[in-house]
Amino acid sequence: MIPASQPSQRPPDAKLLIIDKYGRLTHMPRTSFDNFLRPGDLVVANDATALPASLQGVHSDTGCPVEVRLAGRRSLDEMRDFTAIIFGAGDFHSRTEDRPSPPRLKPGDRLTLGPLSATIERLLDHARLVYLRLDGPADAIWAGLARHGRPIQYAYVPVPLEIWDGWSPLAGRPVAFEPPSAGFALDWRTLEGIRSRGAAFATLTHTAGISSTGDLELDRKLPFDEPYRISKSTGSAVARTRAHGGRIIAIGTTVVRALEHAASQDGRVHAGDGLATQLIGPGSQLRIVNAILTGVHEAGTSHHQLLQAFADEETLRRAQKELDAMGYRTHEYGDSVLIERKACEGAELMLPTVVSNQDGFLADSVTAPR
Amino acid sequence: MQDKSIVVPDATTEEARAAHPGGALRVAITGGTSGLGLALVREFLARGANVALVARGAERVDRVVQEHPGAHGIVADVSAKDDIYPIAVQIAGELGGLDVLINNASDLGPAPLALLGDTDCLDFERAFATNVLGPFRLTKALLGALTASARENGAAVVLNISSDAAINAYPGWGAYGTSKAALLHLTRIWNEELASEGVRFVSVDPGDMDTPMHALAVPDGNPAALKRPETAAREVADAITATIARCIPTGATEGDRR
């Protein structure tokens, strides 16, 4: 697979690999995503976008340059206190793995970050991970982030990202730390396509966290706890869809985490605020989400682990070979996969054939009556 | 699923919002430090809305915020492309989303007014940058927040301030009139395209008001004969609350009158 190095959200040639509930694989242009939908389905996306969470600055005690990456918050409305990763000198041009450590930090240390300033409140059992407090009123913090902050980015995209590179057409509140990039696949035309299939569309707000810290030990702590909010209208849309036997299609892992967490008490998605803390992986029983549209990511990440709740290891391995063979592009500006939750254990069909004829694919779902 | 902890969803925010329909409206107003814009800031604050205002002058923004506690001030230029996303980050961030966007900031073009043949191209471009491109870019950047509001509450509104010069060909008003005509048509097409998403686009001609812009255009006019911006602001706010309340299907042009 090839890392997507151009920050283009919807390249016209974007590819989509569909893994259906029997493990069958189908390739199609991503713009034909709505072929997968049936009347009565509900597509749920994350309407959060990333705040410009990378802040260049100086560690006041030592005068050493640092880069602060805001990485976590306690609630959607929290604007002062953040979990943050701190790097030494440098920026996204170096791979995070190669970034120097920050100077030795201790509680009470001051950081000057352009027009903003912050105090390290606590160290969080890793040399790079701290809890910090930004100074000043919330509006001044917003203005400072909007003017001085840069989007968090990684070395595989060589050009500096602008805010709009990660701001999808449907992006609403800038409360996440990295853009929920599965949503890059959606634009206003796609929404028309979803409706024309007789499917519905809803959103929730989830503060997608950072995907990599550059440190294996720290990466193992990902994802951090992520606050989310589900509106009453989205809660009702999920309930309605399930009552009528429709499928819930999540756009991205953040939507899976929020919906499954909100339903963890009694199997119903409760509207309101929550903190997604659960780990979703091979052993997880998904109660709400029937399928996920997501980016192409390497094995070993927490993202990849979540996909194992949808498909078994063998199917994912087979899919991986297909992605490699067909030159799918990885990372947030890359191509996409859509994975339907596997049919219940035992009743599983293993069909290793790759269906390339779009019309013949998924006869039970695509040709459902309109 | 291994739950490290379960947080009981907190419904208080939702309930508070539902209990005060319109009371907690999140409203953003461009050109909010003088004329109609400032009157709109005051009108919506008086109606209990959460208001963000955008204007170029830092001192004026600070003054309005100091005089109107609770208002969120954003210093930026809507005609500048690079300012749009910083504005959108601050609006959607500070208000926690957006229900109403009022594209009020306007540029007259050449001042004093000039015949088209005498109009400096830079003046013409500036009028379009402020009156057409700025509202297009800002609306586009905030469309996600507006449609999220519409899905949640039933309707969101973008209100673009128009003028009778958008309809009538007044000699001397070429840059302003053509840009406002473009804005009016932009409003109509947005409204057609986004009705299905629940976002209503409304164009309002507030009439001739006693504002700094009018004084610039008609220096020897009689202010006493002009409409007070407070009156126009009340009418604009009424149009918005009525649109939200009734979810009027045809959003374009609420009263094209002189």
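Reader: Hi! What kind of model is this, and how are residues and chains labelled?
Author: Hello! It is a predicted model, in which local features need pLDDT of at least 70, side-chain atom pairs count only at pLDDT 80 or more, and totals for chains, interfaces and linings use all residues. Residues are numbered from 1 along each chain as its sequence is written, while chains are lettered from A and ligands numbered from 1 in the order in which they are written.

Reader: What pLDDT does chain A average?
Author: Chain A averages 89, and 93% of its residues score at least 70. pLDDT is the predictor's confidence in each residue, from 0 to 100. Over residues 346-370 of chain A the value is below 50, and that stretch has 31 contacts in the model beyond near neighbours in sequence. Two residues are in contact if their C-beta atoms, placed from the backbone, lie within 7 Å.

Reader: And what about chain B?
Author: Chain B averages 88, with 86% of the residues scoring at least 70. Residues 1-23 of chain B have a pLDDT below 50 and 36 contacts beyond near neighbours in sequence. Residues 248-258 of chain B are also below 50, with 27 such contacts.

Reader: What scores does the complex get?
Author: The predictor gives the complex an ipTM of 0.91 and a pTM of 0.90.

Reader: Wait, what counts as a helix, a strand or a nonpolar residue?
Author: Helices (H or I, at least four residues) and strands (E, at least two) are DSSP runs, numbered from the N terminus. Ala, Val, Leu, Ile, Met, Phe, Trp, Tyr, Cys and Pro count as nonpolar, Asp, Glu, Lys and Arg as charged, and the others, Gly among them, as polar.

Reader: Back to α4 and α5 of chain B: how do they pack?
Author: Helix α4 (residues 84-95) and helix α5 (residues 121-153) of chain B pack at an angle of about 35°, with their axes 9 Å apart. Axes are lines fitted to C-alpha atoms, for helices over the stretch in contact, and angles run from 0 to 180 degrees between N-to-C directions. Among the residues in this contact are B:Ile87 and B:Ile91 of α4(B), and B:Leu138 and B:Leu142 of α5(B). The contact residues divide into 10 nonpolar, no polar and one charged.

Reader: Which strands make the barrel in chain A?
Author: Six strands close into it in the order β6-β7-β8-β11-β10-β9 of chain A, and the pairing is antiparallel. Strand β9 (residues 110-113) and strand β10 (residues 116-123) of chain A pair over four bridges, with A:Ala118 in β10(A) as the bridge partner of A:Leu111. Helix α1 (residues 138-148) of chain A lies across β6, β9, β10 and β11, running at about 105° to β10(A).

Reader: Where are the cis peptide bonds you can tell me about?
Author: One joins A:Leu222 and A:Pro223, with omega about -10°, and A:Pro223 lies in the loop between α3 and β14 of chain A. Another joins B:Ala111 and B:Pro112, with omega about 0°. B:Pro112 sits in the loop between β4 (100-103) and α5 of chain B.

Reader: Why point those out?
Author: Because most peptide bonds are trans, and most residues other than glycine have a negative phi. On the phi side, A:Asp125 has a positive value, near 35°, and its place is in the loop between β10 and β11 of chain A.

Technical notes:
Pairing = 2+ DSSP bridges.
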